[in-house]
Every structure is written in structure tokens, then in C-alpha cells.
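Me: I would like to learn how to read side-chain contacts in a model. Could we go through charged pairs and rings in turn?

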Amino acid sequence: MPYHEFDCSKCIPERKKHAVVKGPEDDLTKALPLGYLNTIPGSISERGCAYCGAKHVIGTPMKDVIHISHGPTGCTYDTWQTKRYISDNDNFQLKRTFATDVKEKHIVFGAEKLLKENIIEAFRAFPEIKRMTIYQTCATALIGDDIDAIAQEVMDEMPDVDIFVCNSPGFGGPSQSGGHHKINIAWINQKVGNVEPVITSDYVINYVGEYNIQGDQEIMLDFFRRMGIQVLSTFTGNGSYDELRSMHRAHLNVLECARSAEYICNELRVRYGIPRLDIDGFGFEPLASSLRKVGRFFGIEERAEKIIEEESARWKPELDWYKERLTGKKICLWPGGSKLWHWANVIHEEMGLDVVSVYTKFGHQGDMEKGIARCEVGALAIDDPNELEGLEAMYKLKPDIILTGKRPGEVAKKIRVPYLNAHAYHNGPYKGFEGWVRFARDIYNAIYSPIHQLSYLDISKDEIPDDGGFKTQRMYSDATLPEAVKTSSAMREYTGKYDIIAELRKREYPEFNKKQ
Amino acid sequence: MPDINEKVAQLENFIMKKCLWQFHSRAWDRKRQNENILGMTAKLLCGEEVDTSKPEDKCYWVDASYLAENYRERFDWFSTMSNDEIKELMQALRERIDFVTVDGSLNEELKDPRY
Amino acid sequence: MNCELKTKERSGVINPIFTCQPAGAQFASIGIKECIGIVHGGQGCVMFVRLLISQHFKESFEIASSSVHEDGAVFGALNRVEEAVDVLLMRYPDVKVIPIITTCSTEVIGDDVDGVIIKLNEELLSTKYAGREVHLIPIHCPSFVGSMVTGYDTAVKDFVAYFAEKGEPNGKINLLTGWVNPGDVTELKHLLSEMEIDATVLFEIESFDSPLMPDGNFVSHGNTTIADLRDTANAYGTYALNRYEGTKAAKYLENKFSIPAIIGPTPIGIRNTDTFLKNLKRMTGKPIPESLVRERGKALDALTDLVHMFLADKKVAIYGNPDLVIGLAEFCLDLEMKPKLLILGDDNVTYGDDPRIKALQENVDYDMEIVMNGDLWELENRIVNEGLELDLILGHSKGRFVAIDHNIPMVRVGFPTYDRAGMYRYPVVGYGGATWLAEQMANALFADMEYKKNKEWVLNMW
């Protein structure tokens with residue numbers, strides 16, 4: 001597994017150990033990219049900061065909370081409305097963001113009084129909300145405001161409110177991952193064990209590392225509820241502050257994004273003896289195995305089987321339709337930290353796509369171990385990629401599609417590589433059986449977009465084809481398919497609705513009698 | 001019939017592609033996971049009882065039983081092996097997984113004393 | 001009699017209208033050709049601003065970070081600037097202009113950016129990069145001062161002050177557009193061209209609307225050159241369209257090179273565009289041509305179809321960049337509409353001195369509030385708790401939920417407008433902008449009438 005040196009990065013030799021190509025005879029002990037190291041200044045890396053990792057990624061998906069950033073307004077403004085983590089309380093946390101608006105005089109004289117005024121104002125503006133998180137920023141970390149003391153002071157004066165403080169300034173660590181870590185540890189230290197939950201089932205889990213992007217959490221919650229499992233809390237998508245204070249009473253931690261939330265699972269295991277079960281919510285087989293495992297843990301595997309059977313029967317013919325048309329297409333999995341390994345193997349097996357590259361913006365070496373382990377031989381793995389390396393990789397690998405963030409997706413567009421939003425999704429949710437089909441559908445539509453095909457034509461030089469006034473995706477995708485596949489009645493295109501979450505929220509669940 | 005090295009490679013490949021339990025974040029956790037999950041898998045493959053009375057053991061068993069089932073289903077050579085051979089194979093697998101994920105791992109965070 | 005200028009009473013911000021200074025400086029920097037800025041601070045200060053700009057334009061722009069981490073915050077991070085300059089220059093051979101944009105963290109720790117630039121000029125640039133044209137420009141943008149608007153204003157001035165160099169008179173004017181869209185620049189250049197006026201436009205950002213080409217070009221970038229910036233010292237006048245976004249540079253050129261400056265008014269609406277042309281005529285001696293009379297006539301024709309029947313008395317709230325908000329309010333008044341609430345999103349204490357605001361205070365004959373240092377809660381709270389009734393909201397996308405949750409039609413205008421397609425392509429300035437804006441407003445009201453079945457049958461006959 002040799003290191004891969006980018007031409008554009010020859011002048012910064014320390015980059016060489018941040019990329020490898022998975023070789024046919026190699027294993028993870030032969031080469032592994034370095035990871036989670038300080039970013040090279042000026043390299044135009046895609047990384048964010050530890051403040052956003054704490055506030056924006058993990059804190060803000062909590063839905064019934066006033067999220068205040070203690071600092072100038074920019075930190076909260078810039079991170080606000082850049083994600084698609086929804087909630088079932090009309091998206092309170094998406095719609096509201098709060099900043100203490102620290103100014104020069106506060107930098108000089110301190111901003112603690114300002115913070116206290118802000119806390120009181122915010123609770124006054126939203127009297128129905130009694131919970132708050134406060135996030136330190138670079139400026140207030142450097143002037144040394146004691147946020148914890150102010151929060152305690154307010155809690156003493158206002159007994160019906162509860163406040164969580166996260167001290168994770170932007171400069172704290174090489175990337176947003178530093179903030180994931182800090183908020184995990186801060187939450188378990190400050191809040192877990194504070195609330196005793198009402199236990200309504202014999203089977204109680206925390207669902208951890210899930211952020212309800214376009215409704216992913218609600219899809220999974222639906223499965224758990226159909227199995228009669230009580231989801232005590234979700235850390236943190238669509239999650240409730242008080243439920244997250246009662247995490248210590250779960251029987252099992254079901255962990256999805258280990259990158260952002262394994263810390264709290266590890267601590268819950270050590271402190272409260274709650275086991276950690278890592279799962280995959282993406283893809284039919286991994287999801288089925290995950291549901292089986294959770295069912296098996298509680299001795300209710302047959303309930304999982306029933307769901308798997310129903311869902312597979314409903315959606316497998318649609319997944320297969322796309323697999324026939326995506327097989328052999330080259331894909332770069334270039335997400336943030338965890339989706340490279342969630343997707344690397346199953347996207348190959350169930351959609352037929354060849355993963356030619358994985359990268360992680362803010363992941364650690366552990367994420368690369370998982371990602372490289374799961375992708376096929378020949379894939380290029382890049383840690384903390386930068387603008388020029390991404391371009392060089394795309395020119396070299398010529399992927400049919402890349403899965404990445406919004407802005408890098410615009411770069412890809414310009415060199416005519418279609419992109420799908422790996423963080424926010426195009427038309428998610430992507431978790432669940434139906435979600436996985438939606439994912440396949442989005443990939444298919446991107447790859448076979450007629451407009452995309454037009455971008456290859458140079459009307460000043462090329463012969464302009466005289467083949468009609470339109471094309472459809474099918475005209476491209478089915479051109480070389482065998483007749484039997486084209487006309488197969490065992491497979492069909494996606495038939496679901498645009499919004500599949502609204503229906504779920506109205507759903508009623510069977511009563512399972514509690515044994516204990 | 002593949003030799004033991006080929007078998008280990010096939011079993012390892014399945015773990016690498018399909019499982020996540022072997023990649024906990026610290027060396028001691030990986031050793032513990034490998035020991036318990038692969039230990040239980042070996043027992044299950046040999047038809048032996050495993051104790052799942054404690055929650056942590058039940059969690060190991062969940063991953064172990066998944067592994068054992070898939071191994072039996074995917075690798076038909078298991079049916080021709082004696083229990084002693086299975087134990088020898090699983091011991092070799094365990095050593096291999098320990099090597100790949102811990103002892104030979106290049107992951108510099110494994111030794112970080114804190115989570 | 002009833003226009004009240006006030007300041008938000010709360011100390012904090014709920015749903016901000018503006019981001020902070022470094023974002024403004026970054027926005028200015030991408031207008032310059034062969035320029036990649038380095039933001040000296042944490043990585044989020046760049047990553048999210050690039051995302052914000054990308055959301056608005058559906059393009060990607062290059063801006064670098066010095067990636068200050070914990071050690072830098074404790075011991076000083078000037079070494080990160082030195083490394084960033086070197087890495088950037090090595091990997092981007094075309095880059096000539098590198099603004100070093102500070103942030104709150106590096107201002108608080110007191111990093112001497114001006115000093116490190118002197119050092120870099122003496123050492124790195126004169127050895128490793130000897131013979132290469134490189135300009136390092138410090139731009140101080142503590143986030144706890146001003147807003148993105150002042151950051152933009154400061155950056156424009158810093159760029160001009162760095163480059164402007166007295167030479168032969170160039171027979172041009174300097175046109176400082178302020179924080180606008182490519183569509184605005186196209187419209188402004190069109191007006192200048194009709195007047196046969198040659199101008200140095202800061203900044204040439206029409207190229208932000210960049211094409212998808214068969215050869216796969218990938219960089220979206222502005223086209224203002226170093227030569228353009230140098231030549232600003234040789235114009236016979238500077239026209240800063242926006243009082244708060246470009247005035248510093250105009251004043252600098254006036255003081256330093258005696259180039260007369262005209263500041264505003266922002267040419268939004270017919271009347272302000274008329275003034276713009278009058279000022280151009282005064283500055284250049286060029287007549288206003290028949291073609292613009294016709295263009296103005298077409299705009300008036302379009303507006304006349306809308307005003308009495310549909311727009312009159314419609315109550316509007318407007319928020320965003322101050323010149324934009326004031327210009328829109330003035331235009332709405334001309335359209336017989338009633339701006340009820342204007343929100344200016346930073347603590348600039350000079351808004352009260354703005355003659356346009358004074359004129360509103362003197363002449364508006366119904367209740368209007370102008371809130372300074374405001375946020376979007378000033379808008380929403382009035383709707384939810386104080387009975388403010390609105391027919392229309394004008395503002396950028398960050399306020400979208402106010403419109404959505406309270407069923408108020410909204411026209412997206414300003415920066416950023418990521419929740420509507422292609423807004424950056426259209427002007428709000430000039431006669432073209434006036435027509436486009438009025439028709440957008442009318443169409444938003446029409447769609448709302450139909451959606452709510454509120455006299456939707458009126459449009460049966462128009």
C-alpha cells in the first residue's frame with residue numbers, strides 16, 4: 001500500500017504520508033495515511049474549526065434548546081442554515097440561532113455581564129424553552145470569560161432552566177473533530193445522570209451519533225419503535241436535551257457515527273456499564289444486520305426479521321433496478337468523517353459502484369482504517385485533502401460521480417463531474433431501506449443527467465449530433481443493457497414520495513407488553 | 001480446500017468489509033473486543049455454550065453470533081472441520097486481527113490514554 | 001412625523017442579519033484577479049465563509065486559512081502566516097495578491113501581521129520568490145468591531161491604498177459598486193457604456209457567474225487587475241455608490257490624490273438612477289443619451305402597470321446591508337408602498353447622520369421604524385407579539401423562516417440569497433433593476449394571492 005504523492009503537493013513533502021493507494025497484497029499495517037494532524041497553512045484545506053464541530057455538528061441538532069454562541073455574531077451566523085438536520089418540533093433549532101454579540105469593549109473589559117444579559121433575554125424571548133447550550137468561541141476563550149460560572153449563577157436564580165456549557169473554541173484542535181470530542185466529554189461530565197427517565201419498555205437504547213439529516217433519525221426511530229424498543233435519547237439529531245440527560249439508563253448504546261460520538265459511548269460503557277454496539281444504518285444488508293443485532297441483544301430478533309422482510313420485499317426490486325444501471329460506474333466517496341466507511345463496501349455490493357477514492361476532511365486514522373478496510377483494491381485514500389489535490393485526483397481517476405460537500409461539489413461541476421451532497425443529501429433521507437433506494441435514485445439521476453451529458457460537447461469544434469430534441473436518463477442508462485434487464489418486471493424505478501418523513505410522524509405503533 | 005492461511009484471509013476479509021467492532025478507538029478496547037468476540041465466535045462455531053448473562057457479554061455475543069452464522073453460510077469448508085481445527089483456525093484469526101488492528105497498526109491514536 | 005430611528009434594546013442577537021468583518025474582506029478579495037486571501041485565524045472563519053459565498057453564487061471561490069490551532073493561540077501564530085504565504089505561492093504560481101485578513105482570535109492575541117509582512121518581504125519574497133510579483137496586504141478585521149459591511153469597506157480601502165499610484169490621467173472614473181451581484185455590475189456597466197464613460201469598476205465580478213466550459217475550467221474569480229487598482233489614482237473622479245461600502249476608499253483617493261468623490265445615493269429605483277446619471281453627467285460632462293431616456297421609459301411603463309393597482313399601500317419590512325435597505329425603502333415609497341420596518345444589522349453609530357435616513361424621518365407620514373444594530377428577531381417579534389402586519393418582506397435568505405412561518409410573501413434580495421435560483425444574475429440597480437425588483441415584488445404578491453385564495457380572481461383581468 002504505497003503512499004501516493006500528488007504532483008501539486010510535491011512542494012509540501014509532509015503531505016505525502018496523507019494519501020495511500022490500496023494495493024492488492026497489502027493490509028493496514030503496510031501503510032495508513034496520517035490523520036488528525038495540524039493542517040498545513042495555506043493549503044486550502046476543507047476543514048472547519050472546533051467551534052463548529054461542537055456547536056454546529058453536535059450541539060445544534062438538539063431540538064428543544066436555545067443555542068447561544070458567546071462571541072461575535074460571525075461564528076453563529078456563518079454556521080447557521082448550512083445543514084439539513086430537521087426536527088419534529090417544527091425545526092426550532094434550525095430556525096433560531098443566538099449570539100452574545102461580543103464587541104471591542106467586551107474584549108477589553110470582559111463579556112460575562114453581557115453573557116448573563118443574553119441568557120435572560122433569550123429565555124424571555126422564548127418562554128416555552130427552558131434549556132440552553134452555550135458555546136465558547138475563539139474570542140471569549142482568549143479573554144478568559146468564565147462561562148460555567150455565569151451559567152451556574154443563572155441556574156441558581158432561575159430554577160426551572162438548565163444550561164449546558166461547551167468550551168470548544170475554534171482553534172481547539174486540527175479540525176471540527178476537536179469540537180466533537182470536547183462536547184461529548186462535556187455532555188457526559190455535566191449532564192448525563194441528571195434526569196431519571198420514565199422507562200416504558202423492556203428494551204431501552206440510546207441511539208448515538210445520528211443527526212437526523214433529512215430525517216435519517218426518524219427513519220431509524222420508526223424501525224426501533226416497530227420493534228417495541230424505547231429510544232431513550234438520540235445523540236443528537238432530533239434529540240431532546242432532557243432525554244440526553246438520562247442516557248445512563250439505557251441498556252445498550254447503538255452507535256452510528258463513531259467519528260463524532262464514540263467518545264460518549266466509551267465513557268458510558270466505562271462509567272455505567274452500557275455496552276456499545278456499532279451499526280450501519282445505510283444499505284440493505286448492513287441495516288438488516290444492524291436491526292437483527294439490536295433485536296438479538298434483546299431476544300426479539302423476530303421483530304427485526306419481520307421489518308426486514310417487509311421492507312426488503314417493498315424496496316429491493318427498486319434497488320436492483322438502479323444496481324443494474326449503476327454497476328461499474330466510478331465513484332469518489334469524499335465526505336467528512338464517517339460516511340466513507342459507512343458506504344465504501346455496501347455501495348459497491350448493493351449498487352455496483354466502484355469506489356475509486358475515499359477521503360476524509362476531519363477524520364482520524366481510525367476512520368481511514370475502516371474506510372480502507374472496506375473499499376476495494378486500487379482505491380486512493382486521502383486524509384485532509386485540499387483544493388488542488390481534489391482536482392488532481394478527479395482528473396486522474398475520472399469518476400462518474402463524487403459524493404462531497406456543497407462547495408467542493410461546485411468545483412467538481414466545473415470539470416464536469418456530477419456531485420451529490422454527502423453531508424446534507426440531495427433528496428434524502430438516505431438511511432433505511434427506502435432511503436437507500438432514494439440514494440441510488442439520486443446517484444442515477446446525477447450520472448445520467450441529460451444536461452450533464454451536454455456539457456461534454458464543444459459546439460465550436462465538435463459535430464453537433466442530430467439525434468432529436470431531448471434525451472432521458474433511461475436513453476443513456478439503458479443503451480447497453482440486455483433486453484431482459486430492460487424489460488424485467490422484477491425491477492422498477494423508485495416509487496416513493498418526495499417527503500417520506502411527514503407520514504412517519506403520524507404513525508401509530510403496536511403496544512408490546514412490558515415483562516418487568 | 002484452502003490452507004489455514006487462505007482461510008484466515010477469507011475470514012479476515014469478511015470482518016474487514018462487514019464489521020465495525022474491531023476498530024474501536026484504543027488499543028485496549030480493540031484487544032478486548034477481539035478477544036471476546038472472536039473467542040465467542042470460536043465457541044459458537046464449535047457448538048459450545050456461551051455465557052451472555054452480563055450485558056457486555058450479550059453485546060459481544062451479538063457480534064459473535066452474526067459472525068459465526070455468516071462464516072458457516074459463506075464458507076462451506078467449515079462443515080468439514082473438526083472443533084479442534086476450528087479452534088486452531090480461530091486462534092490464528094484472532095492473532096491476525098490483533099496484529100492488523102493493534103500490534104501492527106499504524107494508528108497513532110491507539111495509545112492515547114484518554115477517550 | 002412618525003418615522004422613528006431606534007436601536008435594538010436587547011444586548012444580544014437572535015438570528016443575525018450580518019456576519020463579521022472577515023467575511024466582508026474575503027468577499028472583496030475574490031473580486032481581484034490572481035488574488036487568494038489568507039485568513040489568519042481558525043479554519044471556520046474561512047470554511048464557512050467560502051460555503052456562504054458558494055451557497056449564494058453556486059460557485060466555489062479560493063480563500064486560504066492560516067489554520068491557527070491551540071499552540072498558535074497560546075504562543076502566537078505568525079509562523080502560520082509565514083508558512084501559509086509560502087505554501088500558497090508554491091502551489092498557486094499565478095497568485096500575485098495575498099491579503100492577510102485577521103480575525104478576532106489573532107487580533108486578541110496581538111499577532112503583528114504588519115510586522116510579519118515586512119519580514120516576509122525582506123526574507124522569503126526577496127530570496128525564494130525573487131523576481132516574482134507578490135503583494136502582501138494586511139487587512140485588519142477584528143470580528144468584534146463593525147460587521148461584514150465595515151469589513152468590506154475596510155478591505156476595498158486597503159486594496160486601493162496599497163496599489164493606487166499616481167501616473168498619467170487615465171480619462172476614467174472609478175466606480176466603487178459596493179457589495180453587489182454580477183447582475184448589478186452588468187447593469188452599471190451598461191449605463192456607463194450608454195453614457196460613453198470609461199470606468200475602473202471595483203470590483204469586476206461579472207465573472208462570478210462563470211460558465212461550465214468544454215475544457216473544464218474550474219476557477220470562478222473576479223477580474224479586477226493590479227493595473228486597475230493602481231490606476232485608481234489617475235481617474236478624474238470616484239463614484240462610490242454605497243455610503244457604507246466603498247466610501248473609505250473614495251475618501252482615501254480624494255485626500256491622497258485629490259480625486260473628487262461622489263458618495264451615493266445607491267442607484268436603486270428610478271429616482272436614484274436619475275441622480276446617478278445626473279452625477280455622472282456632472283462628473284464627466286457627458287450627456288444622458290436618448291437610449292437611456294427610452295430605457296427609463298420602458299421601466300416607467302412597466303412600473304405604472306403595477307403601482308396603483310397592486311403595490312400601493314402594501315406594507316413592507318426590509319433588512320440587510322444598509323445602503324440596500326435604504327435604497328429599497330426609497331424605491332418602495334416611490335412605488336406607493338409603505339415600508340414599515342427597516343432593520344440595519346450593526347452598531348454603526350453614524351446611520352442617524354445619513355441624509356437619506358434624515359429625509360425619511362422628516363417626510364414619512366405613517367408609522368415607520370428604523371432599527372439600528374438590529375437582528376431578525378426585531379422583525380419576528382413585532383409580527384408575533386406586537387401586531388405588525390406585513391404584506392411583503394425584502395431581505396436575504398437567512399430570514400426565510402420569518403416569511404415562511406408567518407405566511408408573508410418575500411422577495412429575496414441582498415447577500416446571501418441561497419434559497420432562490422439565480423438571484424445573483426439580476427440587478428437591483430439602474431432602470432433594469434427597478435423593473436426587475438418591482439416585477440419580482442408583484443409576482444410574489446400574485447403567487448401569494450393565489451396560494452391563499454385572497455382575491456386571486458383579480459388577476460383574471462389585467
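Reply: What follows covers salt bridges, aromatic pairs and charges over rings. Keep in mind that this is a predicted model.

Me: How many salt bridges are there over all chains?

Reply: A salt bridge is read from the distance between a side-chain nitrogen and a carboxyl oxygen, with a cut-off of 4 Å. By this rule there are 89 salt bridges over all chains.

Me: Which chains does the pair E380(C) and R96(A) cross between, and where do the two residues lie?

Reply: The side chains of E380(C) and R96(A) form a salt bridge, at 2.6 Å from N to O. The pair crosses between chains: E380(C) is in helix α16 (residues 376-385) of chain C, and R96(A) is in the loop between α3 (92-95) and β3 (98-99) of chain A. E380(C) and R96(A) are both buried.

Me: What does E369(A) form with R30(B)?

Reply: E369(A) and R30(B) form a salt bridge, with the closest N and O atoms 2.5 Å apart. The pair joins two chains, because E369(A) lies in helix α15 (residues 365-374) of chain A and R30(B) in helix α2 (residues 27-45) of chain B. Both residues, E369(A) and R30(B), are buried.

Me: How far apart are E310(A) and K306(A) in helix α13 of chain A?

Reply: They are four residues apart in helix α13 (residues 301-326), so about one helical turn separates E310(A) from K306(A). Their salt bridge has its closest N and O atoms 3.3 Å apart. For burial, the exposed class begins over 50% relative accessible area. K306(A), at 56%, is therefore exposed, while E310(A), at 39%, is partly exposed.

Me: Now the rings. How many aromatic pairs are there over all chains?

Reply: The count comes to 49 aromatic pairs over all chains. One of them is F14(B) with Y66(B), a tilted pair with 6.1 Å centre to centre and 35 degrees between the planes. This pair links distant parts of the chain, 52 residues apart: F14(B) is in helix α1 (residues 4-18) and Y66(B) in helix α3 (residues 55-74) of chain B. Relative accessibility is 5% for F14(B), which is buried, and 7% for Y66(B), also buried.

Me: Why is the pair F27(C) and F57(C) stacked?

Reply: Planes under 30 degrees apart count as stacked. The planes of F27(C) and F57(C) are at 15 degrees, with ring centres 6.1 Å apart, so the pair is stacked. Ring pairs also link F27(C) and F57(C) into a cluster whose members include Y152(C) and W179(C).

Me: Where does the charged end of R325(A) sit?

Reply: The charged end of R325(A) sits over the ring of W321(A), 3.7 Å from its centre. In chain C, R400(C) lies over the face of F401(C), at 5.3 Å from the ring centre.

How values were computed
Residues are numbered from 1 along each chain as its sequence is written. Chains are lettered from A and ligands numbered from 1 in the order in which they are written. This is a predicted model: local features need pLDDT of at least 70, side-chain atom pairs count only at pLDDT 80 or more; totals for chains, interfaces and linings use all residues. Side-chain values use heavy atoms; hydrogens and water are left out. Buried means under 20% relative accessible area, exposed over 50%, partly exposed in between (1.4 Å probe, protein chains only). Rings of Phe, Tyr and Trp (its six-membered ring) pair if their centres lie within 6.5 Å; planes under 30 degrees apart count as stacked, over 60 as edge-to-face and the rest as tilted. A charge sits over a ring if NZ of Lys or CZ of Arg is within 6 Å of the ring centre and within 35 degrees of the ring normal.
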